Amino acid sequence: MHLYNAWLPPPVAEAARGEAAAFAGAVRAAQAAWRPGGDPDSAYATLKWISVFDIFIKAKSDVAPGDIHALVELGFGIFHSSQDKFVVQIKWGGLLVRLLKKHAKRLSLDVQWRPLYETLIRTHFKGNMGPEGWKVRQQHFETITSLVRASRAFFPEGAAAEIWSEFRPLLENPWHNSAFEGVGFLRLLLPANSRNQDHYTVDWVAECLDIWDSVTNCNFWDIQWASIIARSIKNSRSLEWEKFLPLLFTRYLNMFEVPISGGNGSYPFPVEVPSNTRFLFSTKTRSPSKAIAKSVVYLLKPKSLALEQFEKLINFLEQFYHPSNGGRWTYSLERFLRYLVFYFERRLQDEQFCKMDEKNKQLCLGKEERAAFIKVVLKLLDRGQYSKDDSLAETVSIATSILSYVEPSMVLPFLATNFQLALETTTATHQLKNAVTSVAFSGRALLLSSLCSAQSDDSSTVDTLNDLIVTSLSNALLGMDANDPPKTIATMQLIGSIFSNLATVGVSDDVPAFLQSSSLSDWLDEFFCRLFSVLQNLESISPIGLSGLNHVGNFSR
């Protein structure tokens with residue numbers, strides 16, 4: 001039983017135990033409603049069950065894997081038999097995506113790639129516009145491409161070789177438009193699951209890099225190949241990637257398009273891609289930062305040269321995180337930092353909780369590799385913390401929070417130093433807001449580290465962390481100002497973070513002295529006076545709203 005259901009009142013918990021049987025009954029009812037042989041339009045009769053299955057997907061109760069498998073098989077059957085029924089394919093395709101994402105580890109099935117590919121070609125590449133409106137066709141396209149991405153993990157053995165053989169001829173002439181379609185289909189379809197690992201060899205990687213090099217100054221081409229290589233690196237870490245590291249990191253640096261000397265950093269003569277191809281194979285991002293960050297994180301392993309190459313890359317890029325060096329490249333650099341920490345966190349979670357064989361265990365990051373990675377990333381955090389770009393400043397705060405759990409001995413002193421510098425700065429007042437936000441997002445890590453250091457008799461660390469907590473709370477009251485909404489929001493986040501996490505350390509002598517002294521009562525009186533004063537002076541259309549309180553110190557996918 002899921003932990004959420006364990007907290008339910010006994011009568012409700014007892015009723016929740018029957019949800020598995022109810023789900024099985026709903027699957028049988030949907031199967032009975034679909035009659036492909038006698039009534040092709042019976043697919044519409046199954047649509048009423050979509051909302052029912054969505055409720056079970058959102059529920060925290062356990063359902064039988066056999067029933068999930070039966071529902072997935074039913075969904076693919078209805079989807080493939082409803083080629084002229086866009087609404088049916090949109091509804092069932094969306095449900096299949098949600099099922100495959102939630103229950104991927106519980107399912108064991110084969111999904112054929114060619115029927116999905118043929119549906120995509122027939123509907124969106126033939127140019128035969130049907131009676132459906134543009135909005136429906138666009139929704140259908142997004143649904144089927146999402147279904148392909150969710151199904152890649154279930155492509156059978158040999159699918160990668162088939163897909164490569166199908167689209168490799170299109171890449172022979174890199175200056176023909178078919179080459180762009182070919183690489184787009186490869187990025188969309190090519191699986192990297194465990195059943196297709198035999199396809200990924202050193203020779204194949206070398207061939208891909210040669211083809212990638214055949215077209216220069218083309219952002220679309222670079223993003224497609226960077227994504228394919230990143231997928232290969234993540235799922236084929238046992239390959240010898242060392243020989244490709246200099247070439248890969250040189251390409252990654254070039255793709256950021258940061259200015260050198262008096263140049264503007266952009267390609268002087270970019271290769272244009274047909275608008276239809278660019279639309280059909282949209283990257284959803286304006287930069288390749290996600291693929292680059294994914295590659296960098298999964299290239300790291302013990303005794304690898306990847307960390308050295310990564311440090312060289314950061315040494316060149318860190319200057320462009322400085323507030324005075326902002327420009328059109330700031331977005332891609334912000335995304336790069338965000339995904340670096342996101343994939344680093346995900347990799348550590350997988351290595352900690354997922355079962356691995358001895359070969360993969362040898363590739364896991366040890367304490368030395370984790371500390372070396374964070375040491376390099378701290379260079380970006382140091383430069384970007386006081387950025388004038390709000391997105392970059394926020395990303396730095398969230399990244400600091402996440403990394404403070406991994407290596408608190410490195411990150412928290414960095415946080416304390418920057419907060420003290422922000423307090424002493426009188427010319428750039430926006431620095432204080434960013435510093436307060438960073439401390440707020442790291443409040444739980446601060447208290448936990450303070451408690452652990454106290455238990456290990458590390459008095460110097462305890463004093464440093466306690467001083468940071470006391471100083472931040474003491475100065476927080478000055479940040480409550482109805483005329484400065486961003487600073488007020490950051491201040492409330494800080495106060496809420498510290499006091500909501502006090503239960504983590506409990507009531508003991510390890511709690512900072514400020515929170516045990518009588519001065520806390522005076523601080524609370526002043527806090528409420530300022531709070532009510534701010535609330536009384538707010539206008540009805542004040543910019544202070546809930547939008548600034550949505551962030552909790554973590555990245556959303």
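Here are some questions and answers about helix packing and a few individual residues in this predicted model.

Reader: Happy to start with H15: how many of its residues are buried?
Author: Helix H15 covers residues 289-299 and is mostly covered. Among its buried residues are Ser289, Ala291, Lys294 and Tyr298. Of the eleven residues in H15, the number buried is ten.

Reader: Which helices do the buried residues of H15 pack against?
Author: The buried set includes Ile292, Ala293, Val296, Val297 and Leu299. Those buried residues of H15 have several helical partners, namely H12 (219-235), H13 (245-255), H16 (306-317), H17 (330-353) and H19 (367-384).

Reader: Let's take one of those partners: are H13 and H15 roughly parallel or roughly antiparallel?
Author: Two packed helices are described by the angle between their axes and the distance between the axes. For H13 and H15, the axes come within 11 Å and cross at roughly 150°. Angles over 145 degrees count as roughly antiparallel. The description for H13 and H15 is therefore roughly antiparallel.

Reader: Which residues of H15 does H13 meet, and how many residues in the contact are charged?
Author: H13 passes H15 in a left-handed crossing. From H13 come Leu245, Phe249, Tyr252 and Met255, which meet Ile292, Ser295, Val296 and Leu299 in H15. By class, the contact of H13 with H15 has seven nonpolar residues and one polar residue, and the number charged is no residues.

Reader: Moving to H4 and H6, are they roughly parallel or roughly antiparallel?
Author: H4 (50-58) packs with H6 (residues 86-102) at an angle of about 15°, and their axes are 11 Å apart. Angles under 35 degrees count as roughly parallel. So the term for H4 and H6 is roughly parallel.

Reader: How many residues in the contact of H4 with H6 are charged?
Author: H4 passes H6 in a left-handed crossing. H4 contributes Ile50, Phe53, Asp54, Phe56, Ile57 and Lys58, while H6 contributes Lys91, Trp92, Leu95, Arg98, Leu99 and Lys102. Sorted by class, the contact of H4 with H6 has seven nonpolar residues and no polar ones, and the charged residues number five.

Reader: What span should H3 have, and how far apart are its end C-alpha atoms?
Author: Helix H3 runs over residues 19-33, which makes 15 residues. At 1.5 Å a residue, H3 should span 21 Å. The end C-alpha atoms agree with that, as they are 21 Å apart.

Reader: Which helices do the buried residues of H3 pack against?
Author: In H3, the residues Phe23, Ala24, Ala26, Val27, Ala30 and Ala33 are buried. The helices that the buried residues of H3 pack against are H4 (50-58) and H5 (65-81).

Reader: Is asparagine 217 partly exposed or buried?
Author: Asparagine 217 sits in the loop between H11 (202-212) and H12. Its phi is positive, about 60°, although asparagine 217 is not a glycine. With 26% relative accessibility, asparagine 217 counts as partly exposed.

Reader: And lysine 303, buried or exposed?
Author: Lysine 303 is found in the loop between H15 and H16. Lysine 303 has a positive phi of about 60° although it is not a glycine. Exposed needs over 50% relative accessible area. At 89% relative accessibility, lysine 303 therefore counts as exposed.

Reader: Last one: which residues is threonine 145 in contact with, leaving aside neighbours within four places in sequence?
Author: Threonine 145 belongs to helix H8 (residues 134-151). Its relative accessible area is 7%, so threonine 145 is buried. Leaving aside neighbours within four places in sequence, threonine 145 is in contact with Leu120 and Leu188.

Conventions:
Residues are numbered from 1 along each chain as its sequence is written. This is a predicted model: local features need pLDDT of at least 70, side-chain atom pairs count only at pLDDT 80 or more; totals for chains, interfaces and linings use all residues. Side-chain values use heavy atoms; hydrogens and water are left out. Buried means under 20% relative accessible area, exposed over 50%, partly exposed in between (1.4 Å probe, protein chains only). Helices (H or I, at least four residues) and strands (E, at least two) are DSSP runs, numbered from the N terminus. Contact means heavy atoms within 4.5 Å. The expected span of a helix is 1.5 Å times one less than its number of residues. Axes are lines fitted to C-alpha atoms, for helices over the stretch in contact, and angles run from 0 to 180 degrees between N-to-C directions. Angles under 35 degrees count as roughly parallel, over 145 as roughly antiparallel, 65 to 115 as roughly perpendicular and the rest as oblique. A crossing is left-handed if the near helix is turned anticlockwise from the far one by less than a right angle, and right-handed if clockwise. Ala, Val, Leu, Ile, Met, Phe, Trp, Tyr, Cys and Pro count as nonpolar, Asp, Glu, Lys and Arg as charged, and the others, Gly among them, as polar.
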